[in-house]
Amino acid sequence: MVYTKAALIMSALRSFFVALIPKVARRYFKDLLESLRRHNPGPQLGSAKHSLIPTQIYPVGTNFYKVLNSATREKFSGLGLTPATAVASIGTCFAEEFAYFMRGRGYNYVTTEKDVLTASANWGRVYTVPNLLQIVSYSAEPSYPVFLEKTDQGWFDPLREAGASYSPSREAAHAAVLEHRRASREAFGQCDVLIITVGQNEAWTDRATGQVWATLPPQTILRARKEDFSVSEFSFEENVIALTQVVSTLQKINPAVKIVFTVSPVASYASFSDIDVVSQSFANKCLLRAAVNNVVASQPGKIFYFPSFEMVLCYNPFNFRADNRHVKYAAVDRIFSVLSKSTLLR
């Protein structure tokens, strides 16, 4: 290979600066350069060689949202979502953000019952798929049993967040549950599009009834009969089966409904099944994402996915290089710092 004089000079200068600048500083400046590259990614290209369009090639730098927006627009082409579309939402705390968005812009957001939070009916936050299935089931089945519990604050429905349903007496609580279930069915029946946000995968299950509680039982109940409960972590198969039942039951209530699933990017506050809440939370998020993917693929044109989870966690300029895939040197250093502090490695 023949080198030009300029190339030889540049090679010599590069070698000089490599020898002059410490490795740590070189890695720092390389990370800094990635930040500059991120904001000048060039046009997003496909691959003619592999017959791939631009949205099938991982987006570089600030192309990330452009590519995701283009792909989502294409996937949502059959959804028919407009400001006039009747939309309901149910799910974790991130589902509230969707409700705030719809209501704040005056869109056609279905509300059939006064809610302590922001949802189409007084479900409270719905964290797990099995609990979601219970709610959809009691909305569809008039004979679904009523479960009531009592604390110092009053009687409540354990299938919903306790704050959503306190009543002064058992009779009042029973009547309130029946009225809520009517409103719940109405919300599912009125909407053209239902947004479902799933987000958590650990729950407390009542051993006697088999019902999955909406949240951790109040401490007064746990102290009195903790042995009546078990902490459940649901498998991939259990989530797929439950989600499939959710969809089929909703379609019985409302045959024309279109369903949009999304996975909440909000991490678990705590874990009852593992000492490492960070790893456990992410494992459960990935499991839920895979389960949702399975169900979405089962009914194209009727069930859709919106990438909230990916938008928050996959675009990470702090840790990723400009290609949004490979990890910056500083992040690599943090990774191995944790490894060395956690083991005998030094």
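Q: Against which strands do the buried residues of helix H4 pack?
A: In this predicted model, the buried residues of H4 pack against strand E1 (87–91) and strand E4 (193–198). The residues concerned are Ala95, Glu96, Phe98, Ala99 and Met102.

Q: Why are the buried residues of H4 said to line one face of the helix?
A: When H4 is viewed down its axis, its buried residues fall within an arc of 160°, and therefore they line one face.

Q: What span does H4 have, and what span is expected?
A: Helix H4 covers residues 93–104, which is 12 residues, and its first and last C-alpha atoms are 17 Å apart. At 1.5 Å a residue the expected value is 16 Å, and the span of H4 is close to it. After H4 comes Gly106, with a positive phi near 75°.

Q: Why does the span of helix H8 agree with expectation?
A: Helix H8 (residues 236–253) has 18 residues, which should span 26 Å at 1.5 Å a residue. Its end C-alpha atoms are 26 Å apart, so the two values agree.

Q: Which elements do the buried residues of H8 pack against?
A: They pack against H5, H6, E4, strand E7 (258–263), helix H9 (277–296) and strand E8 (303–305). Among the buried residues of H8 are Asn239, Leu243, Val247 and Ile253.

Q: Why is Asn131 called buried?
A: A residue is called buried when its relative accessible area is under 20%. Asn131 has 1%, and therefore it is buried. This residue lies in helix H5 (residues 129–140). Leaving aside residues up to four places away in sequence, Asn131 touches Val126, Leu159, Val212, Trp213 and Ala214.

Q: Is Pro217 buried or exposed, and what shows this?
A: The relative accessible area of Pro217 is 1%, so Pro217 is buried. Pro217 belongs to the loop between strand E5 (202–206) and helix H7 (219–225). Its contacts, not counting residues up to four places away in sequence, are Trp204, Leu222 and Phe229. From Pro217 to Ser271 there are 54 residues in sequence and 15 Å in space, C-alpha to C-alpha.

Q: Why is Thr55 called partly exposed?
A: The partly exposed class lies between the limits of under 20% for buried and over 50% for exposed. Thr55 has 30% relative accessibility and therefore counts as partly exposed. It is found in the loop between H2 and helix H3 (63–75). Not counting residues up to four places away in sequence, Thr55 touches Val67, Ser70 and Ala71.

Q: What makes the pair Glu149 and Arg225 a salt bridge?
A: The rule asks for a side-chain nitrogen of Lys or Arg within 4 Å of a carboxyl oxygen of Asp or Glu. The distance between the side chains of Glu149 and Arg225, N to O, is 2.6 Å, and they meet in a salt bridge. The pair links distant parts of the chain, with Glu149 in strand E2 (residues 149–151) and Arg225 in helix H7, 76 residues apart. Glu149 has a relative accessible area of 15%, so Glu149 is buried.

Q: What other partner does Arg225 meet in a salt bridge, and at what distance?
A: The side chain of Asp228 also meets that of Arg225 in a salt bridge, at 3.5 Å from N to O. Asp228 has a relative accessible area of 27% and is therefore partly exposed.

Q: Why are Glu186 and Arg182 separated by about one helical turn?
A: Both residues are in helix H6 (residues 170–190) and lie four residues apart, so about one helical turn separates them. Glu186 is partly exposed at 30%, and Arg182 is partly exposed at 40%.

Q: How many salt bridges are counted, and which residues form a network?
A: The count comes to nine salt bridges. Glu96, Arg125 and Glu161 are linked in a network of salt bridges.

Terms used
Residues numbered from 1 in each chain as written. Predicted model: local features only at pLDDT ≥ 70, side-chain atom pairs only at ≥ 80, totals over all residues. Heavy atoms only, no water. Helix = DSSP H or I, 4+ residues; strand = E, 2+ residues; numbered from the N terminus. Buried < 20%, exposed > 50% of the residue type's maximum accessible area, 1.4 Å probe, protein only. Contact = heavy atoms within 4.5 Å. Expected span 1.5 Å × (residues − 1). Arc of directions from axis to C-beta.
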